[in-house]
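Hello,

Here is the structure I promised to hand over. My notes follow below.

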Amino acid sequence: MTLPSFLNWIDEERDQMIGTVRTWSHVNSGSFHLAGLEKMATLLAEAFSATGGDVQLLPSDQMPKISEKGEKQHQETGKILKISMRPDANRRVLLCGHMDTVFPETSPFQECTDLGDGRLKGPGVADMKGGLMVILTALRAFEKSSHHTQIGWDVIINADEEIGSFGSRKILTDHAKNADLGLVYEPALADGTLAGARKGSGNFSLIVKGKAAHAGRDHHLGRNAIASLAHAITQLDRLTAGRPDLTVNVGHISGGGALNVVPDLAICRLNVRIKAPEDQTWFLNQVKSIETELNNKDGITAEFHGEFTRPPKPMTKPLEQVFDLLKSCGSDLGIEISQKPTGGCCDGNNLAAAGLPNIDTLGVRGANIHSDQEYMIMDSLTERAKLTALLLHKLASGEASFPERETVQ
Ligand SMILES: [Zn+2]
């Protein structure tokens with residue numbers, strides 16, 4: 001087929017795309033660095049105004065957390081950027097990205113380096129500032145398509161994806177309910193492989209309280225919270241074998257203090273990954289019985305907090321249909337499209353749970369994300385922007401049709 005000529009414009013943008021991703025990468029926007037996130041949001045708002053869409057900055061909800069003292073607190077998260085075009089269009093596409101990175105304000109990894117072989121190393125270049133550039137360029141190109149008026153689009157860029165999207169979950173879900181297709185810009189693997197089915201995930205804390213006492217004089221009067229928690233941790237750890245592909249990772253423990261005091265507080269924090277939606281209930285029931293067992297101990301109280309914030313994203317018929325469509329766009333552009341399941345999860349899980357079929361690794365090709373060796377392949381900026389622009393063009397022209405919505409669990 002002859003490719004629509006507006007795609008050629010994307011090639012002309014290459015140098016500018018790389019330059020802007022470098023600028024964005026140099027702004028530290030760690031999930032907890034609110035000032036950095038604000039700066040990033042301002043830069044993105046300016047850049048996305050070039051699409052002609054309506055740009056808004058929306059507040060996010062506060063995220064619950066358990067303090068080191070076992071108290072319930074709330075954490076503020078960064079604002080959400082929303083850009084909308086043609087709000088009255090019958091067919092809508094939702095494009096999602098995140099501006100936060102895993103690198104805190106104090107991280108030593110703050111600069112970009114051109115590795116000289118077509119790769120650019122830098123914080124967030126792949127995950128996902130490169131992906132945000134793909135969205136921006138694809139939309140600017142699509143607005144040059146002769147069919148662009150046929151569909152509307154919304155871009156949501158949140159600031160707390162790397163910490164579970166608690167503060168942006170409601171906005172994502174609301175928009176997912178009103179869209180016909182979701183596109184998320186997490187990085188593809190370096191060879192271009194995309195993520196298909198994804199596991200679900202939840203973070204939890206178990207707080208155990210005992211009774212403090214002098215370790216020498218009154219040891220018998222104390223109730224050791226650490227000892228009780230230690231037993232519970234081995235029980236939690238064993239749940240990994242309990243269901244196919246379910247994993248429990250106890251990732252952090254805290255508690256106690258002076259060695260001559262029986263500790264009255266111990267907390268463990270864990271991440272749980274599940275494959276099937278039914279695993280949620282199974283896990284929560286198991287934990288309930290561990291909690292009850294602790295509470296039945298003399299002088300010990302236990303509380304379990306947390307939830308599954310990202311339900312599993314299975315491979316479904318509608319999702320297969322979207323992959324087929326993407327494959328056809330890929331073959332027009334000479335890009336091979338393949339996918340495989342992953343244990344990782346992202347906002348694509350939440351969009352799917354709200355019934356929106358979505359492909360969630362449409363960003364740049366890259367690797368070593370979440371480490372100081374993170375890189376993106378610079379050629380993939382234009383390559384992936386063309387892929388999205390062509391996909392939107394095919395949907396708008398009627399050459400391709402939108403998928404059915406998913407059945408909501
Ligand atoms: Zn990401």
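Is aspartate 127 buried or exposed? Aspartate 127 has 4% relative accessibility, so it counts as buried (buried means under 20% relative accessible area, exposed over 50%, partly exposed in between, with a 1.4 Å probe and protein chains only). Glutamate 186, at 8% relative accessibility, counts as buried too.

Ground rules: this is a predicted model, where local features need pLDDT of at least 70, side-chain atom pairs count only at pLDDT 80 or more, and totals for chains, interfaces and linings use all residues. Residues are numbered from 1 along each chain as its sequence is written, and side-chain values use heavy atoms, with hydrogens and water left out.

Aspartate 127 sits in helix α4 (residues 125–142) and glutamate 186 in the loop between β9 (181–184) and β10 (194–198), so the pair ties together parts 59 residues apart in sequence. Helices (H or I, at least four residues) and strands (E, at least two) are DSSP runs, numbered from the N terminus.

**Sheet.** Six strands form an open, mixed sheet: β1-β4-β8-β5-β9-β18. Strands pair if DSSP finds at least two bridges between them. β4 (residues 80–85) and β8 (residues 151–158) are antiparallel, over five bridges. Isoleucine 83 stands opposite valine 155 in β8.

Best regards
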